[in-house]
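I opened this notebook to record what I looked up in a structure that was new to me. The entries are brief and follow the order of my reading.

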Amino acid sequence: MKKHYTQRVIDLSMNLKEKYQDIIANSKSAFTRIRKIKLSDLFIQMLANKGQAQQSELFNFYNEVNKKMSVSATAFFNARMKFNPEALLKIMQDITKEEYTEADHLCKLNNHYIFAVDGSDFSLPATMETRSKYGTSSN
């Protein structure tokens with residue numbers, strides 16, 4: 001049975017240095033010493049980024065992974081700047097290739113693969129005709 005996509009990303013994050021060492025750092029000295037910011041945390045946080053202020057992003061990330069936040073937003077930003085964006089592209093391409101090697105685990109509807117779901121909502125006019133055709137909800 002194939003691993004869930006999220007689990008594969010987490011597993012990969014633990015082995016980033018071994019698998020992508022030659023492309024991950026912007027300089028030869030980046031990610032060579034043991035620091036407070038682990039490479040795996042840096043990678044996962046970049047993927048989990050929700051577009052909030054950096055301090056909020058970090059606070060929320062460390063809360064979600066149940067770790068103590070022992071770094072400043074500036075230190076985290078500086079560490080992210082050492083991460084080669086081309087490496088991120090390569091890593092995500094590799095994960096995507098792995099995801100689609102065997103497509104039989106993917107969801108289908110009417111024999112079509114489901115790749116995304118639109119979470120949009122809209123309001124219908126509150127008329128008797130609309131109510132009789134679509135019904136009503138209690139929320």
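The entries below go from the whole chain to single residues.

**Entry 1: basis.** I noted that this is a predicted model, in which local features need pLDDT of at least 70, side-chain atom pairs count only at pLDDT 80 or more, and totals for chains, interfaces and linings use all residues. Residues are numbered from 1 along each chain as its sequence is written, and side-chain values use heavy atoms, with hydrogens and water left out.

**Entry 2: the chain.** I looked up the secondary structure and found seven helices and two strands. Helices (H or I, at least four residues) and strands (E, at least two) are DSSP runs, numbered from the N terminus. Read from the N terminus, the order is α-α-α-α-α-α-β-β-α. The chain has 139 residues, of which 25% count as buried; buried means under 20% relative accessible area, exposed over 50%, and partly exposed in between (1.4 Å probe, protein chains only). I then looked up contacts, meaning heavy atoms within 4.5 Å. Of those between residues at least 6 apart in sequence, 58% join residues at least 24 apart. The accessible surface comes to about 10,800 Å², and carbon and sulfur atoms hold 54% of this area; the areas come from the Shrake-Rupley method with a 1.4 Å probe, and for residues only the protein chains shown count as cover.

**Entry 3: helix H2.** Which residues of helix H2 are buried? I found Leu16, Tyr20 and Ile24, in a helix that spans residues 16-24. They lie on the same side of H2, because they cover an arc of only 65° around the axis; the arc is that of the directions from the helix axis to the C-beta atoms. An α-helix has 3.6 residues a turn, so residues three or four places apart point the same way. On the other side of H2, I noted Glu18, Gln21 and Asp22 as exposed. The cover over the buried residues of H2 includes helix H1 (5-14), helix H3 (39-48) and helix H6 (85-99).

**Entry 4: helix H3.** I looked up two residues here. Ser40 is in helix H3 and counts as buried because its relative accessibility is 10%. Beyond its neighbours within four places in sequence, Ser40 is in contact with Ser13 and Met14. Asp41 also lies in helix H3, and at 8% relative accessibility Asp41 counts as buried. With neighbours within four places in sequence left aside, Asp41 is in contact with Phe61, Tyr62, Lys67 and Phe76.

**Entry 5: strand E2.** I ended with Tyr113, which is in strand E2 (residues 112-113). Tyr113 counts as partly exposed because its relative accessibility is 36%.
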